[in-house]
Amino acid sequence: MSSTKRPPAILGPKPNRKACGVDVMDAIYGRRAVRAYDDWKLDVRTIEQLIDAAIHAPSARNEQPWSFAVVQDKALLRRLSERSKALWRERVLPGTPTDEPRAWFESPAHDVFHGASTLIVICARPSAWPANEDCCLAAQNLMLAAHGLGLATCPIGLVRAALNEPEFRRELGLPDDHAAVFAVVVGYPREAPEPPPRRPACILSWR
Ligand SMILES: Cc1cc2nc3c(=O)[nH]c(=O)nc-3n(C[C@H](O)[C@H](O)[C@H](O)COP(=O)(O)O)c2cc1C
């Protein structure tokens with residue numbers, strides 16, 4: 001992690017795990033990918049609380065291969081957003097069957113972070129076991145905990161390639177052997193989207 005922007009380590013009192021008393025099933029069914037945020041910056045304590053929830057996810061052999069980078073610097077968020085759009089214009093759009101998302105990626109106004117002022121990047125450090133699954137489970141914990149605190153989140157897969165470029169790796173303080181795996185924006189919601197439809201579960205066998 002960058003030495004200058006890092007919030008203090010989680011050493012304070014235990015987070016208030018019953019802050020809002022949201023039932024786990026309510027959280028699972030109520031969490032949404034939110035794409036409009038207020039500009040307010042999340043405070044250090046709340047971010048620590050979310051990261052603490054993340055690190056309580058299960059991990060293979062309990063290796064806990066995750067580490068975290070928090071980005072709240074507006075200029076850096078803007079550069080990450082621009083670079084993500086550029087990478088998608090170069091690498092992905094030419095091969096996509098539809099031009100529908102092109103307007104997004106070509107518009108200087110489009111912010112891949114949807115106006116959120118905090119991005120939390122879950123990184124995998126070297127592990128004897130595949131670490132990506134663990135990081136994704138940590139991300140889900142973080143998103144459900146945020147929902148429980150009345151905050152909104154959105155996974156931002158679009159930014160992953162940019163995060164792993166040397167320039168941004170340096171800025172985020174990622175050691176050479178770490179990889180950015182899962183990025184999530186967190187913030188105060190400005191919308192309450194309806195749940196997108198789910199296909200019925202496809203149960204291939206039950207023997
Ligand atoms: C790995 C992953 C990457 C995603 N990347 C993005 C993204 O870059 N931008 C975005 O707006 N939503 C992104 N999403 C959010 C999904 O579009 C969203 O979860 C899905 O439409 C279902 O909506 P729900 O989360 O509200 O249930 C991503 C989700 C996942 C799991």
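1. His 114 sits in the loop between α4 and β2; helices (H or I, at least four residues) and strands (E, at least two) are DSSP runs, numbered from the N terminus. Phi of His 114 is near 60 degrees, a positive value in a residue other than glycine. Most residues other than glycine have a negative phi. With 19 other C-beta atoms within 10 Å, His 114 is partly exposed. A residue is called buried if 20 or more other C-beta atoms lie within 10 Å of its own, exposed if 12 or fewer, and partly exposed in between, with C-beta atoms placed from the backbone.

2. Two things to keep in mind as you read. This is a predicted model, in which local features need pLDDT of at least 70 and side-chain atom pairs count only at pLDDT 80 or more, while totals for chains, interfaces and linings use all residues. Residues are numbered from 1 along each chain as its sequence is written.

3. Now the overall layout. The protein has 7 helices and 4 strands, and along the sequence they follow the pattern α-α-β-α-α-β-α-β-α-α-β. Of the 207 residues in the protein, 32% are buried. Among contacts with a separation of 6 or more, 86% are between residues 24 or more positions apart; two residues are in contact if their C-beta atoms, placed from the backbone, lie within 7 Å.

4. Which residues of helix α2 are buried? In this helix, residues 44-54, they are Ile 47, Gln 49, Leu 50, Ile 51, Ala 53 and Ala 54. These buried residues pack against β1 (66-71), β2 (118-124), α5 (132-148) and β4 (179-187).

5. How do α2 and α5 meet? Two packed helices are described by the angle between their axes and the distance between the axes. Here the angle is about 135 degrees and the axes are 7 Å apart. Axes are lines fitted to C-alpha atoms, for helices over the stretch in contact, and angles run from 0 to 180 degrees between N-to-C directions. The two helices, α2 and α5, are therefore oblique to each other: angles under 35 degrees count as roughly parallel, over 145 as roughly antiparallel, 65 to 115 as roughly perpendicular and the rest as oblique. The crossing of α2 and α5 is right-handed, a term used if the near helix is turned clockwise from the far one by less than a right angle, with anticlockwise giving left-handed.

6. The residues in that contact can be listed. From α2 come Leu 50, Ala 53 and Ala 54, and from α5 come Ala 138, Ala 139, Asn 141, Leu 142, Ala 145 and Ala 146. They divide into 8 nonpolar, 1 polar and no charged. In this scheme Ala, Val, Leu, Ile, Met, Phe, Trp, Tyr, Cys and Pro count as nonpolar, Asp, Glu, Lys and Arg as charged, and the others, Gly among them, as polar.

7. Take a look at Leu 50, found in helix α2. Leu 50 counts as buried because it has 27 C-beta neighbours inside 10 Å. Leaving aside neighbours within four places in sequence, Leu 50 is in contact with Ile 120, Leu 142, Ala 145, Ala 146 and Val 186. Leu 50 and Asn 141 are 91 residues apart in sequence and 8.2 Å apart in space, C-alpha to C-alpha.

8. Ala 53 also lies in helix α2 and counts as buried, with 21 C-beta neighbours inside 10 Å.

9. Arg 61 is in the loop between α2 and β1, and its phi is near 50 degrees, a positive value in a residue other than glycine. Arg 61 counts as exposed, with 10 C-beta neighbours inside 10 Å. Ala 109, in the loop between α4 and β2, is exposed with 5 other C-beta atoms within 10 Å.

10. Finally, the ligand. It is surrounded by Arg 32, Ala 33, Arg 35, Cys 154, Pro 155, Ile 156, Gly 157, Leu 158 and Pro 196; a residue is near a molecule or strand if its C-beta atom, placed from the backbone, lies within 6 Å of it. The shell around the ligand divides into 6 nonpolar, 1 polar and 2 charged residues.
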